[in-house]
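Visitor: Hello! I am new here; could you show me the structure and let me ask about it?

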Amino acid sequence: MGSAYTPGLTVSARTRIEKLRRLPLKGKVLVQEGDQVEPTTIVARTELPGIMQTVRLAENMGIEPSELMSALKVKEGDRIEKGMLLAQTKGLFGLFKNEYRSQVQGTLEFISEKTGHLGVRQPPTPIEKDAYIRGVVKTVIPEEGVIIQCEGALVQGIFGVGGERQGIIALACDSPDAALTGTQITPAHQGKIVVGGSNVSLDALKRAAEVGAAGIVVGGVVDRDLIEYLRMALNDPNYDIGVAITGQEPISFTLVITEGFGTIRMAKRTFQLLQSLEGKTASINGATQIRAGVIRPEVIVPLSLGGEIEAQAASGGELAIGTPIRVIREPYFGILGSVTDLPAELVQVESETWVRVLEAKLEDGRKVVVPRANVEIIAG
Amino acid sequence: MSEVRSILATDCGSTTTKAILIEKRGSEYRLIVRGEAPTTVEAPFDDVTVGVINAVREVEELSGKRLISPEGKILTPAQDEKTGVDLYLSTSSAGGGLQMTVAGVVKAMSAESAQRAALGAGAIIIDVIAVDDGRKDYQKVERIRQLRPDMILMSGGTDGGTVNHLVELAEMLVSADPKPRLGLGANLPVIYAGNKDAFPPVQELLDGRVELRQVENLRPTLERENLLPAREAIHDLFLEHVMQQAPGYSKLSTWVSRGIMSTPNAVGKIMQTIANQRNITVLGVDIGGATTDVFSVFRNEAGESIFNRTVSANLGMSYSICNVLTEAKTENINRWLPFEISEAELRNQLRNKMIRPTTIPQRRMDLMIEQAVSREALRLAFDHHKSLARGLTGIQQQRTIGEALSQDATGKTLVNMMDLDMIVGSGGVLSHAPRRAQSAMMMMDAYQPEGVTLLTVDSIFMMPQLGILSTIHEEAATQVFERDCLIYLGTCIAPVGIGKEGEECVKVQFQGETVSVPFGTISVIPFGFVSGDEGEPKRAEAVIEPARNFDVGAGKGRHRTVTVTGGVVGLMIDARGRPLTLPADNAARIRKLREWMTAMGVPCEV
């Protein structure tokens, strides 16, 4: 068994990325194949028909339905605003005029002489889908949406919360093993995607919300801190992450953790990639679903075309002597190293479990034995 | 069928894919080797057959046979002694747990009933959609798409009541155009449990777009709730459409000699066979990464053996581990740990197991944490089983509505631990525990067997494969099961009652000696196999004399003479009392746990 089967998180300086953008109802696609789009470009739109409001006009004015037509100041098809004069009686010798002003907004769809009612349809609710990433429209799905394609940097995290957002990448820590604390987040981080190192504290999560940060990308988060923050932000004292279907939380920023729960140094390669992207606009999404058909959170930085596409990095592959690895479980969780031996026979580890192991030299110089299942291969 | 001499069988679990090679050696079928590899349902593989090939590759290495063709398929039929196999079979539960959306007309009425039905079927509810929930239709549509439910339960309207609102719900589903999570071409299962009069127009709208199944209205009148038919439909559809599905499933379907069977169906077959052949009552469990399946054969009042099977779709040791945490709470997991650990550390560990489900505990403390979680998962899944286990499931009997409504009462009378003859444990955490005594303890703590119960475990986690094999080649399945699969741990004697620490609880006269076991302790008498460390277990008579306030099946204080069976652990006398209560004081609790573990021969130092 020479292979490592890691969750296959991609960390790539340049790869090809595609995103499906689909309306919830049939509507109109506003772009064409080949169009260049920005993250905020509306690529498809539909309108939810407004509700019909019945205005009992004759009744409200105390007149007979048959008298209504002569009093009306509007006609079918007119745009109606709140407070607009709908009808006015002539009164007696020009005095004691009786009038009615609209309580609703919309379009006058019908006038019933029989009942004296008006039908005003409220304005439709526009529903729009933006492009989420900067790129090119690759495919148009008629009446439904588009597939946007771009070349860019992609960092997949292991877990996240919060939905789609954009922001400029800003580093708040100078090393991947530095923790992100509240004091490091300043008003300058408003609208930014803040990159930390090994951990984000509860205080920093609160501070990010205060200053209006768009996102946080960090190695780890202590489960209690995240849950406490979410319970507070969502005003739900019982909130918990059960089977980890996230991305819908109505919180003010998006969090992507790259390594796991606890304080875990961000992989150097991931940190360096994010460092190299500082100042660039990224799209971020915390949506995670951990089950067959998995969805992982992501940070995407679209880049101009023409660069060399990198092979998919940090995905499962063959383990060999010298393969750089990261340990993904205690007691060496988060530590990098390289494979020094791959014994074929099963080995009994401290838990007394007989497993296939590898021997590795860790970056701190220690030589250790680790179950093969507990490492992931990292790109050079 | 020409003579089958070699069989390869795989079980694709949510986390691990297991492969076994069975061959006919002389006149009998035996397990030759096994291999395993992580299940590959995640990127970059997204194809369950990759994990199958990896597991089979291990079997190839260990057996010296060539089983995979140059095109990367399983070689069948066998070409010669060293190439290929006569039969290739597979079971699957790779699709993982069940996450549902329930939809109803009135949030506080039908939607709430639907929610109860889904929860009762072991599902996680990821959203409750109601006509009156305050959201716009398009928001609901978007939500369904984002959440990718595995199944939708649609309810609303009393029989003869509203039709329009149900049609509106159906229209919303048409707009959402929901696709199954794994996008395998099949339609999304939708269970309709609403006003029967509204079904025809709903069917007209949804036909061909979803896999629609109608069951009885779960709220036929305002005052009446009828959850059972919906629960059963959820359960069935989960097994048929969700659990066994995974990316690459259709490819795997073309490799196998017979259709792929869902893992719980396969294990259920084995459990039924054990109960039938030995004429005993059985409680079986298969604890996986995403789900925990519980099986039982108990006798009803008429003395008939009744088989029940439940799948707790979100209790498991990897993908679902944090749901065990949510349901059991940290303190209940922590109570089984013989050492101090901060809540934060425990929670971080479990979250990390969830996000990296294929990792293995390297340290003893990590193993103990997983075994503590397993006790809670086993307990919760058993509670679920008890709530659903009734006298009617699985046999051909007609059910009246009255009986259906009295399900809880019927279920409670059916699962009687004092009448239970045998517990069979399967699944990674039980089959692969480094010491068999650890498996015995997990089952004793979680199930709290009463009286006299034989404990057994699946040796290497191969019951699913033997279950499907039994449908095609019963002889091979039975021989391998008896010789290579079922591991006898030994008989557990557990008096029911509560006493004071150290006071007399039970005396056991056994093999010419009398062992007195005080309350609050465990005592193990070595009692193994007829020859060597495996094979036919020893059997001998034991006279059990419980103290005045304790019962071992013959009534309080009344002695009982039974035949006990030996095993790897031996004769386990569990005098901790029933119900089992752990000391409230932390230091005392840790001391007791260590004492019990030591008695069982389980290391407790970390």
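Visitor: How many residues of chain A are in contact with chain B, and with how many residues of chain B?
Guide: Two residues are in contact if their C-beta atoms, placed from the backbone, lie within 7 Å. Counted this way, the contacts join the two chains through 48 residues of chain A and 55 residues of chain B.

Visitor: Which elements give two or more residues to the side of chain A that touches chain B?
Guide: Helices (H or I, at least four residues) and strands (E, at least two) are DSSP runs, numbered from the N terminus. The elements of chain A that contribute two or more residues to that side are β12 (125-130), α4 (223-233), β21 (254-261) and β30 (367-371).

Visitor: How do the residues of that side divide into nonpolar, polar and charged?
Guide: Ala, Val, Leu, Ile, Met, Phe, Trp, Tyr, Cys and Pro count as nonpolar, Asp, Glu, Lys and Arg as charged, and the others, Gly among them, as polar. For the side of chain A that touches chain B, the division is 25 nonpolar, 15 polar and eight charged.

Visitor: What is the mean pLDDT of chain A?
Guide: This is a predicted model, in which local features need pLDDT of at least 70 and side-chain atom pairs count only at pLDDT 80 or more, while totals for chains, interfaces and linings use all residues. Residues are numbered from 1 along each chain as its sequence is written, and chains are lettered from A and ligands numbered from 1 in the order in which they are written. pLDDT is the predictor's confidence in each residue, from 0 to 100. In chain A, 93% of the residues reach 70 or more, and the mean is 89.

Visitor: How far apart are the C-alpha centres of domain 2 and domain 3 of chain A?
Guide: Domain bounds come from an automatic or database domain assignment. Chain A has domain 1 (52-121), domain 2 (158-296) and domain 3 (319-377). Between the C-alpha centres of domain 2 and domain 3 of chain A the distance is 29 Å.

Visitor: Why is helix α16 of chain B largely enclosed by the rest of the structure?
Guide: A residue is buried if 20 or more other C-beta atoms lie within 10 Å of its own, exposed if 12 or fewer, and partly exposed in between, with C-beta atoms placed from the backbone. Among the buried residues of α16(B) are Arg436(B), Asp445(B) and Tyr447(B). The helix is largely enclosed because its buried residues number twelve of the twelve.

Visitor: Is Asn308(B) buried or exposed?
Guide: Asn308(B) sits in strand β13 (residues 305-312) of chain B. Its C-beta has 25 others within 10 Å, so Asn308(B) is buried.

Visitor: Is Asn235(A) buried or exposed?
Guide: Asn235(A) is in the loop between α4 and β21 of chain A, and its phi is positive, near 55 degrees. Since 8 C-beta neighbours lie inside 10 Å, Asn235(A) counts as exposed.

Visitor: What is omega for the cis peptide bond from Glu330(A) to Pro331(A)?
Guide: Pro331(A) is found in the loop between β25 (324-327) and β26 (336-341) of chain A. For the cis bond from Glu330(A) to Pro331(A), omega is near 10 degrees.
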